[in-house]
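Dear colleague,

I am handing over the structure below, and my notes on it follow. Please read them with the model open beside you.

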Amino acid sequence: MTPARDEQRRISASLTDPRVIDPRQELVRHDDLSEEELGQIVRLLGAMREWREADQRLSLESRTHMKLNETDMRALRFIIASANAAVPVTAGALSDHLRISTASTTKLLDRLERAGHVVRRPHPTDRRAVVVEITPETHAEVRRTMGLQHARRFEVARSLSPSDRDTVIRFLQDLSATTLAAAGSPAQERPAPETDASGS
């Protein structure tokens with residue numbers, strides 16, 4: 001391996017280290033930290049990055065296998081959770097959950113129904129409405145992939161002490177707050193992708 005490639009790998013592994021990405025401390029002050037403290041913070045941010053990348057890779061593999069996009073998968077998880085709670089899912093409820101327009105929701109459901117992932121049936125009490133149900137085959141596939149992964153995450157969280165869980169909760173909530181502040185209002189509608197994961 002050439003020296004240039006070694007340097008590129010070092011930089012790639014240091015993208016959460018302010019000594020590399022902000023050496024003049026224009027955004028992140030770190031000269032008040034000991035090397036041990038700074039190193040620990042960098043390892044924490046690096047671990048977060050590794051988890052995020054691993055989670056994204058697993059999600060992409062699952063969606064690609066099922067020929068779904070991210071919004072499709074969010075819709076299926078909501079339908080499953082609602083079925084577990086014995087709550088009928090209407091197109092309006094799905095639109096509210098996904099924060100997309102009624103027209104986008106109709107296109108999403110048409111796509112999922114054509115692919116055999118959901119069926120639409122008459123509402124049990126409201127003749128003007130229909131309910132959306134996941135097919136048994138797709139339900140089993142989602143449980144096998146995303147459901148199993150969630151179960152593993154639950155076990156990791158359960159292994160922490162109550163005080164450690166409180167610390168992690170505060171940390172993640174603070175991170176979410178800074179992310180939402182940078183992104184603007186979370187209530188803004190995000191257009192739903194109109195293609196599946198295969199691009200068709």
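**Order of the elements**

From the N terminus on, the protein chain runs α-α-α-α-α-α-β-β-α-α, which makes 8 helices and 2 strands; helices (H or I, at least four residues) and strands (E, at least two) are DSSP runs, numbered from the N terminus.

This is a predicted model, in which local features need pLDDT of at least 70 and side-chain atom pairs count only at pLDDT 80 or more, while totals for chains, interfaces and linings use all residues. Residues are numbered from 1 along each chain as its sequence is written, and side-chain values use heavy atoms, with hydrogens and water left out.

**The chain as a whole**

Of the 200 residues of the protein chain, 25% count as buried, where buried means under 20% relative accessible area, exposed over 50% and partly exposed in between (1.4 Å probe, protein chains only). The accessible surface of the chain comes to about 14000 Å², of which 55% belongs to carbon and sulfur atoms; such areas come from the Shrake-Rupley method with a 1.4 Å probe, and for residues only the protein chains shown count as cover.

**Helix α4 and its two partners**

The axes of helix α4 (residues 70-84) and helix α7 (residues 136-158) come within 11 Å and cross at roughly 105 degrees, where axes are lines fitted to C-alpha atoms, for helices over the stretch in contact, and angles run from 0 to 180 degrees between N-to-C directions. The two helices α4 and α7 are therefore roughly perpendicular to each other, a term for angles of 65 to 115 degrees (under 35 is roughly parallel, over 145 roughly antiparallel, and the rest oblique). M73, L76, R77 and I80 of α4 make the contact with T138, H139, V142 and M146 of α7, contact meaning heavy atoms within 4.5 Å.

With helix α6 (residues 102-114), the axis of α4 again comes within 11 Å, and the crossing is roughly 80 degrees, so α4 and α6 are also roughly perpendicular to each other. Here T71, D72, A75 and L76 in α4 meet L108, R111 and L112 in α6.

The buried residues of α7 are T138, E141, V142, T145 and M146.

In helix α6 one finds T102, which counts as exposed because its relative accessibility is 61%. The C-alpha atoms of T102 and A91, 11 residues apart along the chain, are separated by 7.6 Å.
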